[in-house]
Amino acid sequence: MRDAEEFDAFYAACAGRIVGHVYALTGNRGEAEDAVAEAFMRAWQRWRTVREADSPEAWVRRVASRVAVSSWRKTLNRVRAHRRAAPVAQSVPGLSEDHVALVRALQRLNANQRRAVVLYHLNDLSVAEVAAEMQVPVGTVKTYLARGRRAMAELLTETHPEEASHG
């Protein structure tokens, strides 16, 4: 029973942050929630090992990210085919233009840059923590962040050219 209580507390403490992370990676809240649910299920199945990890939250976040990316890759071709066959306006009620522009810009980054930017800026991890989670050197994370920020700036300026001329 103690394991279940410990796991429940762990889930309550970090599930929202992990959903936010995966949502930022995928741009789809439903997919993010599904991936996080899958990751927590896997964590529960291996809880005695996962709880001993340096960061159980990072373990779950990494698994959820992988689940989401795997799912995303599988559906990407279907989405492209759908867009070619029947273009559909992609407006979602309640989302601001800025939010949509940010998600679209994130989606245009390469996977490593997007992951580093999301971990650092949206999850408030340090560069060292991002490096540990991505299993790359700190210098590589700094490069991903610099290139990701530069690309985001260009992409967001393209999205709102009138703002660029006023800045």
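This is a predicted model: local features need pLDDT of at least 70, side-chain atom pairs count only at pLDDT 80 or more; totals for chains, interfaces and linings use all residues.
Let me start with His21, which, once its neighbours within four places in sequence are set aside, is in contact with Arg61, Ser65, Val118, Leu119 and Asn123, where contact means heavy atoms within 4.5 Å. His21 is found in helix H1, and helices here are DSSP runs of H or I of at least four residues, while strands are runs of E of at least two, both numbered from the N terminus. With a relative accessible area of 0%, His21 is buried; buried means under 20% relative accessible area, exposed means over 50%, and partly exposed lies in between, using a 1.4 Å probe and protein chains only.

Residues are numbered from 1 along each chain as its sequence is written, and side-chain values use heavy atoms, with hydrogens and water left out.

Which residues have the most contacts inside the largest nonpolar core? They are Phe10, Ile18, Val22, Val36, Phe40 and Val60, in a core of 22 residues, a nonpolar core being a set of buried Ala, Val, Leu, Ile, Met, Phe, Trp, Tyr and Cys residues joined through side-chain atoms within 4.5 Å. The elements that give two or more residues to this core are H1, H2, H3 and H4, and H1 gives the most, with 8 residues. Val22, again leaving aside its neighbours within four places in sequence, is in contact with Gly27, Ala32, Ala35, Val36, Ala64, Ser65 and Ala68. There is also a second, separate core of 19 residues, which includes Leu109, Ala131, Val141 and Met152.

Ala131 takes us to helix H7, residues 127-134, where Val127, Val130, Ala131, Glu133 and Met134 are buried. These residues cover an arc of only 165 degrees around the axis, which puts them on the same side of H7, the arc being that of the directions from the helix axis to the C-beta atoms. After H7 comes Gln135, whose phi is positive, near 60 degrees.

Turning to the rings, a search of the whole structure finds 7 aromatic pairs, counted when rings of Phe, Tyr and Trp (its six-membered ring) have centres within 6.5 Å, with planes under 30 degrees apart taken as stacked, over 60 as edge-to-face and the rest as tilted. One aromatic cluster is formed by Phe7, Phe10, Tyr11, Phe40, Trp44 and Trp47.

Finally, the charges: the count comes to 9 salt bridges, each being a side-chain nitrogen of Lys or Arg within 4 Å of a carboxyl oxygen of Asp or Glu. One of them joins Arg51 to Asp3, with the closest N and O atoms 2.6 Å apart. This pair links distant parts of the chain, 48 residues apart, with Arg51 in the loop between helix H3 (47-50) and helix H4 (56-85) and Asp3 in helix H1 (residues 2-26). Arg51 is partly exposed, at a relative accessible area of 27%, and it also forms a salt bridge with Glu52, at 3.9 Å between the closest N and O atoms; Glu52 is exposed, at 60% relative accessibility. Asp3, Glu6, Arg48, Arg51 and Glu52 are linked in a network of salt bridges.

A further salt bridge, between Glu33 and Arg29, has an N to O distance of 3.1 Å. Both residues lie in helix H2 (residues 29-45), 4 residues apart, about one turn of the helix. Glu33 is partly exposed at 36% relative accessibility, and Arg29 is partly exposed at 49%.
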